[in-house]
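Try each task before reading its solution.

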Amino acid sequence: MKSAVETLNPTRVRLTVEVPFEELKPSLDAAYKKINQQVSVPGFRKGKIPNRVIDQRFGRAAVLEEAVNDALPRFYTQAVDEGKIEVLGQPDITDIEGVEKIADGGDLKFTAEVDIRPEVTLPDFTEISVTVDPIVVSDEDVDKSLEQLRERFSSVKDVEREAAAGDIVVVDLEAKVDGEVPDDGIASGVSYEIGSGRLIDGIDDAVVGLAAGGTATFSTELKGGTQAGKTSEVTVTVTAVQEKELPELDDEFAQLASEFDTLDELRADSRKRLERMKEFDQATQAQEKVLDELLSKVEMDYPEKLLKDEIETRRHNLEHHQLEPMGLTLEAYLATQDKSLEDFLAETEEQAKKGIKTQFVLDQIVGNEELGVNQEELTEHLIRRAAGSGLTPDQFAQQVVQGGQVPLLVGEVARGKALALVVEAAKVVDTEGNEINFDDDETDESAETVEAVAADETADSTEA
């Protein structure tokens, strides 16, 4: 076999492949054998039909098609290996010549165009510098945390008065669009905390001042359902007004809500917990900022087909996995965001470019640093991913193996290690000028975050 490589642009090549008959003959023989086992001809035993009879009865074209379908992938792969090309995705195979002459000892020629990995030149990681928020836990932060804990242990009671901010109301709702009530325009017995913002715009002003049995009507733009994005006239009827009762913030509450005996002990534990959360947030912020700074220092060409496919994948995921279950079309969703289709496509392209660039840059670091992934690291990552998916580790692992996704998980772990390496080399300071160093313990604790940052940017990208 002879092959030649022509560079079409920095991210695409054309392979020209010429295969002599002697190398094609095994594929031709295999084609005759396969057809021999599949067909029946009177007067001949199955599998013993002469090739000339197969040509006469079923046409030589069928045999040649079978032979070429067997040969092309094999010789394409051989040409890629010989050319030492890092290809992306499937090739576009064109200009197949000589098919009709194969059975007579002729050669086969074909060309294949395919995307390749772009060249990536990495910067000096020590030149990367980012600023993050300091770890500061104020008394107000602790007080807010304790108030949230009190909320969890609150109770409610019905009251015979008008509703006020902070109360819980039980309401019936009827929404009309253009004077008609759609199928999903009625809801009954909805419990809502006034001021929480968890229902529809305008309801707070409508129910404040209403007692049980009171009714009000207001206009609002629907955010979900079949009429999303349309203006609706909503009638709300309050069926009950409830008042929240919070427990006293004292030692007795500390014993009720925790393993501590005193409020002071609970307050101290809350402060430590908030500090750990701030440390985790700081690590996440550092990783995200370091990644952004790293990407800004790398110039890269984007494979055209890969970018197009990535944009389409992101659009498909939004439409069918997020909006469709909510009963929203893309157009209705964009209307709620006050965004045009052109703006959406431009933003999606930027997100796709970042995902692709992140993958290639981190993969380059993995290769340069020869970063491997051992079984323990892969297992730990799989357990974390399983927790986020709602499946047990065994269920998630089975799903990964059956879907052939193990290499994807290995790639996620490796990229996480690559990003951690860059963060370690970079200069990270907080806004107060303190330099942040991530020691081994912190690195272990934030491994999930490092991998998540890297995986999030490449989640929808096509695996090369």
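**Exercise 1.** Does Asp251 count as buried, partly exposed or exposed?

Solution. Start with the basis. This is a predicted model, where local features need pLDDT of at least 70, side-chain atom pairs count only at pLDDT 80 or more, and totals for chains, interfaces and linings use all residues. Residues are numbered from 1 along each chain as its sequence is written, and side-chain values use heavy atoms, without hydrogens and water.

Next, take the cut-offs: buried is under 20% relative accessible area, exposed is over 50%, and partly exposed is in between (1.4 Å probe, protein chains only). Asp251 has 39% relative accessibility, so Asp251 is partly exposed.

**Exercise 2.** Find which parts of the chain the Asp92 and Arg12 pair ties together.

Solution. First, the contact. Asp92 and Arg12 form a salt bridge, N to O at 2.8 Å. The term means a side-chain nitrogen of Lys or Arg within 4 Å of a carboxyl oxygen of Asp or Glu. Second, the location. Arg12 sits in strand S2 (residues 12–19) and Asp92 in strand S3 (residues 87–97), so the pair ties together parts 80 residues apart in sequence. Strands are DSSP runs of E, at least two residues; helices are runs of H or I, at least four. Third, the cover. Arg12 is buried at 14% relative accessibility, while Asp92 is partly exposed at 35%.

**Exercise 3.** Locate the partners of the salt bridge between Asp292 and Lys354.

Solution. Their closest N and O atoms are 2.8 Å apart. Asp292 belongs to helix H7 (residues 263–296) and Lys354 to helix H10 (residues 341–369), so parts 62 residues apart in sequence are tied together.
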